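Please consult the sequence and structure shown below while reading.

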Amino acid sequence: MYEMKPEYYTDIPFVDEEHKKLFAYANEAYELLHDEFIPDKYDRIVAILTELRDYTKQHFSHEEAYMESIQYKRIFTQKIQHQEFIDKLDSIDMESIDAGEDQDGAIGDILTFLTDWLVHHILELDTLIGK
């Protein structure tokens, strides 16, 4: 469902490979959302969010190190957006998800946030790094 399209490529091979992994997390969330055979999805939601948070921090660290190495002039904007992404993941109310309050709605919200952010951030900012 979610995949790296040609317009998302930055022409920085390691960044593009890491972006593919982020899209894979979106796919995982999408599959969980549509899995009707799991009545309580809390553990999978926690696992996806934990893995996503850890991987994203690693990816942002790699991307920011690269930007520093090429003295990228828009690095400050990137760092702010990266931190906002992490803050958003950290702000997700896991207690309400654990209580079973509309787990599919929570997954849908996470998926919408993740895909919107990925698409806009990659297209509007990350593709500029490779130019």
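A salt bridge is a side-chain nitrogen of Lys or Arg within 4 Å of a carboxyl oxygen of Asp or Glu. The side chains of Lys 79 and Glu 68 meet this criterion, with N to O at 3.1 Å. The model is predicted; it holds 5 salt bridges and 8 aromatic pairs.

**Salt bridges**

- The bridge of Lys 79 and Glu 68 links helix H3 to helix H2, across 11 residues of sequence.
- Lys 79 is partly exposed at 33% relative accessible area, and Glu 68 is also partly exposed, at 47%.
- Another salt bridge joins Arg 44 to Glu 28, whose closest N and O atoms are 2.1 Å apart; Arg 44 belongs to helix H2 and Glu 28 to helix H1, 16 residues apart.
- Both partners are partly exposed, Arg 44 with a relative accessible area of 32% and Glu 28 with 24%.
- Asp 90 and Arg 53 form a further salt bridge, with closest N and O atoms 2.6 Å apart. Because Asp 90 lies in helix H3 (residues 75-90) and Arg 53 in helix H2, this pair ties together parts 37 residues apart in sequence.
- Asp 90 is partly exposed at 45% relative accessible area, whereas Arg 53 is buried at 18%.

**Aromatic pairs**

- Phe 14 and Tyr 66 pair edge-to-face, with 5.7 Å centre to centre and 70° between the planes. Since Phe 14 is in helix H1 (residues 13-33) and Tyr 66 in helix H2 (residues 42-69), the pair ties together parts 52 residues apart in sequence.
- Phe 14 is partly exposed at 31% relative accessibility, as is Tyr 66 at 27%.
- The ring centres of Tyr 25 and Tyr 55 are 6.0 Å apart and their planes stand at 50°, so this pair is tilted. Tyr 25 in helix H1 and Tyr 55 in helix H2 are 30 residues apart.
- Tyr 25 is buried, with a relative accessible area of 7%, and Tyr 55 is buried at 14%.
- Phe 60, Phe 85, Phe 113 and Trp 117 are linked by ring pairs into a cluster.
- Lys 88 lies over the face of Phe 113, 5.7 Å from the ring centre.

**Helix H1**

- H1 has 21 residues and spans 31 Å from first to last C-alpha, close to the expected 30 Å.
- Its buried residues include Val 15, Asp 16, His 19, Phe 23 and Tyr 25.
- The buried residues of H1 pack against H2 and helix H5 (103-129).

Methods
Residues numbered from 1 in each chain as written. Predicted model: local features only at pLDDT ≥ 70, side-chain atom pairs only at ≥ 80, totals over all residues. Heavy atoms only, no water. Phe/Tyr/Trp six-rings, centres within 6.5 Å; stacked < 30°, edge-to-face > 60°. Helix = DSSP H or I, 4+ residues; strand = E, 2+ residues; numbered from the N terminus. Buried < 20%, exposed > 50% of the residue type's maximum accessible area, 1.4 Å probe, protein only. Lys NZ or Arg CZ within 6 Å of the ring centre and 35° of its normal. Expected span 1.5 Å × (residues − 1). Contact = heavy atoms within 4.5 Å.
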